[in-house]
Structure formats: structure tokens, C-alpha cells
Amino acid sequence: MAAVTSVSFSAITQSAERKSSVSSSRSIDTFRFRSNFSFDSVNVRSSNSTSRFVVHCTPSSAADLPTVADTKLKFLTAYKRPIPTVYNTVLQELIVQQHLTRYKKSYQYDPVFALGFVTVYDQLMEGYPSEEDRNAIFKAYIEALKEDPEQYRADAQKLEEWARTQNANTLVDFSSKDGEIENIFKNIAQRAGTKDGFCYSRLFAVGLFRLLELANVTDPTILEKLCAALNVNKKSVDRDLDVYRNLLSKLVQAKELLKEYVEREKKKRGEREIQKANETVTKCLGDYQYAGR
């Protein structure tokens, strides 16, 4: 696992690209995979904190809770355009698992969790044909979960900007400092230090790793120290980062298949157009020769 925690997301993707060997004869229509990127977590209500991030309250009665089908329908209603299978397969898996986390009674919005989701989403949707559609899908996805897509983006950007100014020592030593981001970490450490007091998830693990990457931290022992400072189980983080690495590897292969499929279709379309043009020319020549008789 040390290798995973000591390289960047781009390096993981490049490694996966080198490992992927996909035959160009396979059709994208026959390619399916499940990401298994679930977000099981245990959550309880947060104690008082000086940090400013938002707490989302869920309905008091289980009967008031939307079902997974409700959330998926809301997403599909908000974004009606078809989404290519290579992207939609993972999106549907993500929204199901995030729904289950979102509607636990103890759910609390977490900026590090938000950074993790934004990171996963941007990695997944990299190369999507339209930036406008990428943004529209993001908005529909988050709003289907009754959350604020602008807050997700704003909090992720805030954490990213902060991480770029940090180093290995300052990342771990947040408890001795005062600041908005430092207070978020203090709140996490406080809740995680109590029994069943913290909403841990795989997206949180990805958020932590993203912070390390942006701070240019390559020493895998720093992740261990950061987890200890936050009272988070390092083994769980290692395991979940491994899942994320596997997801990226599958995405690389799937996107390669999609690229090959599109190129084949373009080639076939071009060949059909050339054949049609030849047939038109032949017909015109035939008509000309017939008229000259």
C-alpha cells in the first residue's frame, strides 16, 4: 500500500494505462464493469464545533426518507440526456452508495468528503465530450442527494488551495494552529476520537490523499501520521485507496475501449461516405454516357 500513498493520481493513472492491454476488436457495447466503489460508513451526530462547515439534517422518520430509486429518478429527471455506458456505470454505482451514506440518521456534511467526491468525479469524467454536460451532470447528481453542488465545489477548492501552501509537517501539525481549515481537521479529530462519532467513508480517504498530493508529500509515513492526528484508522484508508486505484485502472481500460470504438465508427462512416461518393460519381458518369448516345 505504501506505493499507493506515495504517488500522485496522475502517476496512478499512467501506471494503469501502461498495464491496460485491450484488443481493438472488442466492441464498447459489450464492455461492462462494476466499480465496487462503495462508501460504507458509520456515522453519529457531531458534537459542537467552532468550524464553519454545514451540517445537513435528515428527516426524523424513516418513512420520510427517499429511497434509492427516488434519488436515481431525481437525477435522471434533472439530466435527461443519455450518458455513455463507460461513465454511467460508475455514476450509478456512486449515487447508490452515496445515497446510503447520505440518509443515515447521523450523516454530517464533511468538506474532506466533498473533496474526495469532487476528485473522484473529475477523474471519472475526464475526457467527457462536453464540459457543459460534465457540469450539468455534477449539478444533477448532487442535487438528487438534496445537497448543494456549489458548496461541494467551493469547499473542495478551498481545501485544495490550502493544501498547496502546506508541507508534510504543517499538514500533520494542524492542532497547534488556528484557521478555518485547521478547525475542520480539529473537528474531525474530535469526533473520530469518540466511539461511533465520525462519518468515515472511502471518499474521505480519497480526500485525504488528494491533500497529500497537492502538498507534494511523497513520504508514505506522513499519511500514517495524519491518520493518527485525525484519529482515523490507517488500515481502512489504505484499503480504500487501493479500491480507488483499481477503479482508476478500470476507467483507463474502459475509456480506451470507448476511444477505439469511436475511432472505428468514424473510420466506417468515412468508408461509407467514400463508397457513397464513388457510387454517385459512377451513376453520374453512367447518366452522362447514356445521354451522349
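Q: Which side chains meet in a salt bridge with 2.4 Å from N to O?

A: Happy to start there. In this predicted model, the side chains of D242 and R245 meet in a salt bridge, at 2.4 Å from N to O.

Q: Where do D242 and R245 lie, and how many residues apart are they?

A: First the general idea: an α-helix has 3.6 residues a turn, so residues three or four places apart point the same way. Now the case here: D242 and R245 both belong to helix α12 (residues 234–291) and are three residues apart, about one turn of the helix.

Q: Which residues do salt bridges with shared partners join into one network?

A: That network consists of E160, R210 and E213. Within it, R210 and E160 meet through their side chains at 3.7 Å, N to O. This pair links distant parts of the chain: R210 sits in helix α10 (residues 202–214) and E160 in helix α7, 50 residues apart. Both R210 and E160 are buried.

Q: How many salt bridges does the structure hold?

A: There are twelve. One of them joins E180 to K158, with the closest N and O atoms 3.1 Å apart. Here too, distant parts of the chain are linked, since E180 is in helix α9 (residues 180–192) and K158 in helix α7, 22 residues apart. E180 counts as partly exposed at 37% relative accessibility, and K158 as partly exposed at 33%.

Q: Let's turn to aromatic rings. What describes a pair of them?

A: The structure holds eleven aromatic pairs. Among them, Y109 and Y152 have centres 5.4 Å apart and planes at 70°, an edge-to-face pair. Y109 lies in the loop between α4 (85–102) and α5 (111–125), while Y152 lies in helix α7 (residues 149–163), 43 residues apart, and the pair links distant parts of the chain. Both Y109 and Y152 are buried.

Q: Why is the pair of F117 and F138 tilted?

A: For F117 and F138 the planes are at 35°, so the pair is tilted, with the ring centres 5.9 Å apart. F117 is in helix α5 and F138 in helix α6 (residues 131–144), 21 residues apart, which links distant parts of the chain. F117 counts as buried at 0% relative accessibility, and F138 is buried with a relative accessible area of 3%.

Q: Which residues do ring pairs link into a cluster?

A: The members are F75, Y109, F117, Y121, F138, Y141 and Y152. One ring in that list has a charge over it: the charged end of R153 sits over the ring of F138, 4.3 Å from its centre. Elsewhere, the charged end of R102 sits over the ring of Y103, 4.9 Å from its centre.

Q: How many of the residues of α5 are buried?

A: 14 of its 15 residues are buried, and α5 is mostly covered. From first C-alpha to last, α5 reaches 21 Å, close to the 21 Å expected at 1.5 Å a residue. At its start, a side-chain oxygen of D110 reaches to within 2.9 Å of the backbone nitrogen of V112. Just after α5, G127 takes a positive phi of about 90°.

Methods
Residues numbered from 1 in each chain as written. Predicted model: local features only at pLDDT ≥ 70, side-chain atom pairs only at ≥ 80, totals over all residues. Heavy atoms only, no water. Phe/Tyr/Trp six-rings, centres within 6.5 Å; stacked < 30°, edge-to-face > 60°. Helix = DSSP H or I, 4+ residues; strand = E, 2+ residues; numbered from the N terminus. Buried < 20%, exposed > 50% of the residue type's maximum accessible area, 1.4 Å probe, protein only. Lys NZ or Arg CZ within 6 Å of the ring centre and 35° of its normal. Expected span 1.5 Å × (residues − 1). Polar contact = N/O pair within 3.5 Å; in protein donor to acceptor, adjacent residues only side chain to side chain. Salt bridge = Lys/Arg side-chain N within 4 Å of Asp/Glu carboxyl O.
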